[in-house]
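Colleague: Hey, can you walk me through this one? I'm still new to reading structures.

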Amino acid sequence: MSNSPFFTKDQKEKPAYMTSDVFNITVTTGNHAELQCTADGYPAPQYSWSKRNRGKVTIGGRFSLHAGGSLRIERVTVDDSGLYTCTATNTGQTVVSTILLEVRGEIYTSGARYTSGVSSISQQTDVREKANI
């Protein structure tokens with residue numbers, strides 16, 4: 001039998017819980033954004049992302065899912081601004097964390113450069129027992 005720290009014969013289920021604490025991200029158009037979402041539990045949680053008023057985020061193209069559940073958005077635009085919700089689920093429960101992405105567009109006038117932005121909002125975390133979803 002292996003002494004691996006990742007699996008033991010007697011390991012019991014452990015409900016998912018969030019371990020990340022980044023709640024607001026501000027980037028400038030054209031850069032990338034990394035929305036952190038990490039959760040722990042056994043078995044390891046599965047991740048999905050959604051954006052308020054647009055539904056589930058489809059992974060592919062400019063959007064990629066990274067280790068631990070983080071969402072990376074390449075070449076962000078002002079349209080990418082908004083509230084993103086990370087959902088982490090395992091057999092024990094579902095946990096949800098909301099992150100505000102603020103994308104500031106650059107405005108050029110007469111050789112001067114200005115940055116515009118949107119207002120900020122704090123993170124919200126929600127824990128749901130799997131049976132009550």
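This is a predicted model: local features need pLDDT of at least 70, side-chain atom pairs count only at pLDDT 80 or more; totals for chains, interfaces and linings use all residues.

Colleague: Ok, back to β2. In which sense does β2 pair with β10?

Modeller: Parallel, over five bridges, with β10 covering residues 93–104. Two strands count as paired if DSSP finds at least two bridges between them.

Colleague: What about β5, which residues are on its covered face?

Modeller: Y47, W49 and K51 make up the covered face of β5, and Q46, S48 and S50 the uncovered one. β5 runs antiparallel to β9, joined by six bridges, and S50 stands opposite T85 in β9. β5 also runs antiparallel to β6, with two bridges; there, K51 has G55 as its bridge partner.

Colleague: How many residues sit between the strands in the hairpin of β5 and β6?

Modeller: Three residues, and N53 in that hairpin takes a positive phi near 70 degrees. R54 is also in the loop between β5 and β6. R54 is exposed, with a relative accessible area of 56%, and its side chain reaches the backbone oxygen of D79 at 3.5 Å. That's a polar contact: a pair of N or O atoms within 3.5 Å, where within protein one must be able to donate a hydrogen and the other to accept it, and residues adjacent in sequence count only if both atoms are side-chain atoms.

Colleague: Switching topic. What's the strand order in the open sheet of three?

Modeller: The order is β3-β8-β7, with antiparallel pairing. β3 (33–35) and β7 (63–65) stand at the edges with a single partner strand each, so one side of each has no neighbour in the sheet. β7 and β8 (residues 71–73) are joined by three bridges, and L65 stands opposite L71 in β8.

Colleague: How many disulfides does the structure hold?

Modeller: One. C37 and C86 form it, with their sulfur atoms 1.9 Å apart; the rule is a pair of cysteine sulfur atoms within 2.5 Å. The pair links distant parts of the chain, 49 residues apart: C37 is in the loop between β3 and β4 (39–42), and C86 is in strand β9 (residues 82–89). The link is left-handed, with -75 degrees about the S-S bond. C37 and C86 are both buried.

Colleague: How many salt bridges are there?

Modeller: Four, counting a side-chain nitrogen of Lys or Arg within 4 Å of a carboxyl oxygen of Asp or Glu. One of them joins R72 and E34, at 3.4 Å from N to O. That pair also links distant parts of the chain, R72 in strand β8 and E34 in strand β3, 38 residues apart. E34, R72 and E74 are linked in a network of salt bridges.

Colleague: Is D80 buried or exposed?

Modeller: Buried, at 4% relative accessibility. The side chains of D80 and R62 meet in a salt bridge at 2.9 Å, N to O, while R62 counts as partly exposed at 22%.

Colleague: Which residue does E102 form a salt bridge with?

Modeller: R104, with the closest N and O atoms 2.9 Å apart. E102 is buried, with a relative accessible area of 5%, whereas R104 is partly exposed, at 31%.

Definitions and conventions: Residues are numbered from 1 along each chain as its sequence is written. Side-chain values use heavy atoms; hydrogens and water are left out. Helices (H or I, at least four residues) and strands (E, at least two) are DSSP runs, numbered from the N terminus. Buried means under 20% relative accessible area, exposed over 50%, partly exposed in between (1.4 Å probe, protein chains only).
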